[in-house]
Amino acid sequence: MTTPEATNNREGLIFEHSKPGRRGYQLPNLDVPEASLGDILPSNLLRDEIKDEVEVSEVDVIRHFTRLSKLNVSIDAGLYPLGSCTMKHNPRINEEIARVPGFALTHPLQPDHQVQGNLALLWHLEQTLREIFGMPRVTLQPVAGAHGELTGILMIHKALSTSGNARKYILIGDSAHGTNPASAAFAGYEIKELKSSSRGTLDPATLAEAVTEDVAALMITVPNTLGVFESDIKKFADILHAKGAYLYCDGANLNSFVGIARPGDMGIDVIHSNLHKTFSTPHGGGGPGAGPVGVSEKLVPFVPTPTVERREDGTYYLEHHRPDSIGRMRAFNGNFGVLVRALTYMRSMGPDGLRRIAQLAVLNANYIRARLKSSYHLPYDAPSLHEVVFSDKKQLEHDVHTLDIAKRLMDYGFHPPTIYFPLIVSGALMIEPTESEPKEELDAFCDAMIAIAREAEERPELVRSAPHTTPVRRLDEARAARQPILRWTK
Amino acid sequence: MATTPQDSKYAKSHEYTHLDGDIATIGITDYAQKELGDVVFVELPQVGSQLEGNEELGSIESVKAVSELFAPVTGEVTEVNERLRDNPELVNSDPYGDGWMIKVRISDPTELDELMTAEEYDEYCEKESGH
Amino acid sequence: MLATIGVSSVDALFETIPADVKLKELLDIPGPWSEIETRRWFGALARQNKSGVDHVSFMGAGAYAHYQPACVDQLLLRAEFLTAYTPYQPEVSQGTLQSIFEYQTHQCLLTGLDVANASLYDGSTALCEAVLLAERIAKKKHKVVIARSVHPEYIETVRTYVQNLGIEVVEVPWGSDGRVDVEALRAACTDDVFGVAIQSPNFFGVVEDYDVIANATPAAVTKIAVVAEATSLGILSPPGAHGFDICVGEGQAWGIAPQFGGPYVGFMVVKDALKRHMPGRLVGETVDVDGRRAYVLTLATREQHIRRGKATSNICTNQALIALAANMYLSLLGKNGLREVATQSMQKAAYLRSKLRTMNGVTLPFGNAIYNEFVVRTPYAATDILMDLEHEKILGGIPLGRFFDGHENDFLVAVTELHTKEHLDHFANAVSASIARERR
């Protein structure tokens, strides 16, 4: 079936718009005496023209990208309930502050005395995150959640090896994000997976049994990816600490308890926070983000270099000399522009605002849970915080799968939830509305989900063949992977 | 559903082994290809390499899953199904025929005794999909 | 809403959080601030910086000031790009997906290699990923040789990444012309070496001869080229044309503001044979059920969400929006503009070099194979010269003593198409005046 809407993906590749001689830029004339190129560099180091590169005008470029943009849905257009991704509203003041030329036109290697404003900003951000985490030190260098995970596990490794034995294993729950085991592996550890209890949480007894002298740390998401808070978190810390191991918290879900409780008070040794989730820096279609990492006292000596420090006289400097540091996680000073946006957001919110974020995010998720639980199967019925995970169990009776439900939601104008994750739920539909959504938007979403559940019973083929109204319909993903075409060729 | 060939033996990790003289043809079962979905890539060992029974021999990928392939028997790889490089979908369309993966000169025929018969394998699959 | 949920208060929803970890008070942080207050406070901080706003900057070393055409940022602020997530659902993400496919194509055309990914964090972490890739495909080899003339912070980052993985980093020095010491490279390439990484133009701005490096490297060793000044690809012969297997680099120079170090965009381009070992996201072309061309994330089984502990990388969030900005920049500049930006940067650097070369007290220690960045040496401490330049409203460059012992009198100077002849003359005069002042 081809609907009229479905024919609007006509925008060719930018390379297909190319016409010889078109220009989308203008440079001033060269105002210095021109040397012959061959006098500057021998010809074997130079290239001929960049074969097949485009020649397009500014109009071509603006139309092209404007048309492409219209093929995306975005949080600005409506609820985007991707579980674990915290798709909240991105206030535009954040964009403006990050673009202030006095920030944007500073160079990362300028001497400290020239960039006191930047260093003050970073110092204040660290203070604010220290307070939010309840931890003595936060590194701002990691540029994404997974980058923060790697940083955190490297610190644990360094701390343990400094005291004689780096140990061998990291314990990870079976509902964890895939980045956790990947990060632990790149930090030099083997993974042992821990099974969730029937409540969907980690049982302290399971942990106690698994923590041997070989275990370096537990990586756990709080609340976990079912949205369920690990009420035994302090017990986990005690069990681990008694054996000299560490407690790592994946802070992807910090949005559900920011301002309500603090990781440091739970006995957590390391937490990373995805600033592009809880602190509202835009996702940008997959980044940039930032993943600052907070650490407990024992791990402070190992944080990456450089750190930002304040002198008695109120001036700031970058400290490069930290003898026990794991080293540098990236060139320069982290994703500064993202850090500016996050601090802008924290200041706009203030202490009361941050707490209200968590309260409303949890209220919204529970409202959706209450409205949808008679239409969709709830595999774990433990109380959840900021997200709720349903499954397709009821719809499977009509041979309608999670994927079909997700695709059908697009026809109702909503981005689908996260699907098939966490892995411990077969056919998972993981819904996180965030605090940004007014009740009317939540109701419209719930109405759509309920309508789809009815369609699954009455007109399953309609759901199975969805989406019908999107710029393109279901894609042949097998073809893309079997004979990969990963670039345009003339 | 394609019936499970009687003349082959089966591993719990869903590889079949068909013995002809001392050459074993190895692939994955019809049940396994259905569970995986559209196969998009098969990573196989090189001809001449030595396989150890129960050790990883390669991997098979569908669009959204990947699983390791395990050698049901010990021996030397004598042939690799080159057609799978460009046509991995053969594993889906004809797992016991054109979708075979490798041929191995086995060094210990008694290893086959450890594997399941067709009936045992069918029963095993039924149990697996039961929950 | 509470009635629908069946609770009496919002607090009741938080009962699973034990009372003894709940905060009794509000966080002790400033705010809430209105937009007006926010602008005032951040504006005051920004004014404490010395920056390209009121100074002419000659700073480079992996972060360059090139001109970004006006329409790039305006397009980037389109909500459909800015506020979308990673394109997991292709039917409603074709804009992002097609743009990444185009970005990948630009990277291939520029580097002369076959397959590019959707982006990595930055140049330094892209080098880390390249080293890890090279180690993965080599069986049982554990050494990587890195030229000491690769950006020192990139090398530091690699050392951090590999510290627990049994990989040894061997550095090879530069020779008197500032290029990799080829004999040292040859000697370093022992049987246990899986990869060689060099940067061109290198940290000192010197253009390496890829053929010479490739010839000195054994065939089985993966050859990695690092490009930290991406506009150089507009005029320099690309690594793919000289037998290199991987090109990684920093795309910041494609018009992205220096913004104190990030966000930037790391790129990685590899030979076709390595595509299934690639870290990060890849977008591929396919068709939908109606046969229309469309784009989708593909070869996903390499990635952490499927392969978990055995993934090719732990990367998830990357730098998509900056890659989009790069795609826009590369499209606007195109075949001719990219060459022109590179040519102007190179010509202007050559002009400044010609002025400095004849100046009393100035030497240009490294050879003449220069793109747009070079080392200036005087008999005096570079930090003193640079302080004098700062008084002239010039951010004059980067003192090398910060990275290398014995180079306290050297500093690194970068020139781009943004500099006018007047800027360059002013810089030369200021250096001359500073030397005269130091001499007294």
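## Contacts and fold of chain A

In chain A, 72% of the contacts between residues at least 6 apart in sequence join residues at least 24 apart; two residues are in contact if their C-beta atoms, placed from the backbone, lie within 7 Å. The model is predicted: local features need pLDDT of at least 70, side-chain atom pairs count only at pLDDT 80 or more, and totals for chains, interfaces and linings use all residues. Residues are numbered from 1 along each chain as its sequence is written, while chains are lettered from A and ligands numbered from 1 in the order in which they are written.

Of the 490 residues in chain A, 59% are buried (20 or more other C-beta atoms within 10 Å of the residue's own; exposed means 12 or fewer, partly exposed in between; C-beta atoms are placed from the backbone). The C-alpha trace of chain A spans about 75 × 70 × 45 Å along its principal axes.

## Setting of C:Val182

C:Val182 lies in helix α8 (residues 182–188) of chain C; helices are DSSP runs of H or I with at least four residues, numbered from the N terminus. With 17 other C-beta atoms within 10 Å, C:Val182 is partly exposed. Beyond neighbours within four places in sequence, C:Val182 is in contact with C:Val212 and C:Ala216.

## Nonpolar core

The largest nonpolar core has 340 residues, and those touching the most other members are A:Val270, C:Ala130, C:Ala197, C:Val226 and C:Met268. Such a core is a set of buried Ala, Val, Leu, Ile, Met, Phe, Trp, Tyr and Cys residues joined through C-beta atoms within 7 Å. Helix α11 (residues 320–357) of chain C supplies the largest share of this core, 21 residues.

Technical notes
Helix = DSSP H or I, 4+ residues; strand = E, 2+ residues; numbered from the N terminus.
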